[in-house]
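Good morning, and thank you for the time.

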Amino acid sequence: MYPTGRMSHHFREMREGEYLAVKGPKGPFKYKVGQARAFGMIAGGSGITPMFQLIRAILENPKDKTNVHLIYANVTLEDILLKEELDGFATNFPDRFKLYYVLSQPPEAWNGGTGHVSREMIQTHCPPPSPHIQILRCGPPGMNKAMADHLNALGYTSAMQFEF
């Protein structure tokens, strides 16, 4: 729960048995095996949700040879959703799944990225611009805007990018 988070406050006020209507993810994204040689994914917080579904579908399909590169940003180590599952994919599919965590408040002994996702992190941890790759992003509005700016500056065309 984030003290200033709009949804955190709402969830904190809910009582057992109450319901909350949700919708999403946004956007008309439909995946087909082989539509890209590789995906670069940039997720922030709960933005991992649509990415995780796609990662699992790709990696668990023995006929799918698509490579996946994920940059996943959070505030603290404890905020990383699905960490055990993502680490398992990285262990079980080391040639096809690359994982890079970024924390804005990392613990002392941290070997991942720190701060916010930078242009340099994208260059290092995502596949380079090519007609055969796609970059997917999902996170808070400010992060999505910053990532679009970074991606555009790095030469990723609008056809190579998709925002959930």
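Which residue in S3 is the bridge partner of Tyr-72? The partner is Tyr-101. This is a predicted model, in which local features need pLDDT of at least 70 and side-chain atom pairs count only at pLDDT 80 or more, while totals for chains, interfaces and linings use all residues. Residues are numbered from 1 along each chain as its sequence is written, and side-chain values use heavy atoms, with hydrogens and water left out.

Strand S2 (residues 67-74) and strand S3 (residues 97-103) run parallel and are joined by seven bridges. Strands here are DSSP E runs of at least two residues, and helices are H or I runs of at least four, numbered from the N terminus. Two strands pair if DSSP finds at least two bridges between them. The open sheet has six strands, ordered S4-S3-S2-S1-S5-S6, with parallel pairing. Strands S4 (113-114) and S6 (161-163) stand at the edges with a single partner strand each, so one side of each has no neighbour in the sheet.

I turn to helix H2. Helix H2 (residues 48-59) lies across S1, S2, S3 and S5, at about 150° to S1; axes are lines fitted to C-alpha atoms, for helices over the stretch in contact, and angles run from 0 to 180 degrees between N-to-C directions. Contact means heavy atoms within 4.5 Å.

Finally, His-150 lies in helix H5 (residues 141-153) and counts as buried because its relative accessibility is 17%.

Note on methods:
Buried means under 20% relative accessible area, exposed over 50%, partly exposed in between (1.4 Å probe, protein chains only).
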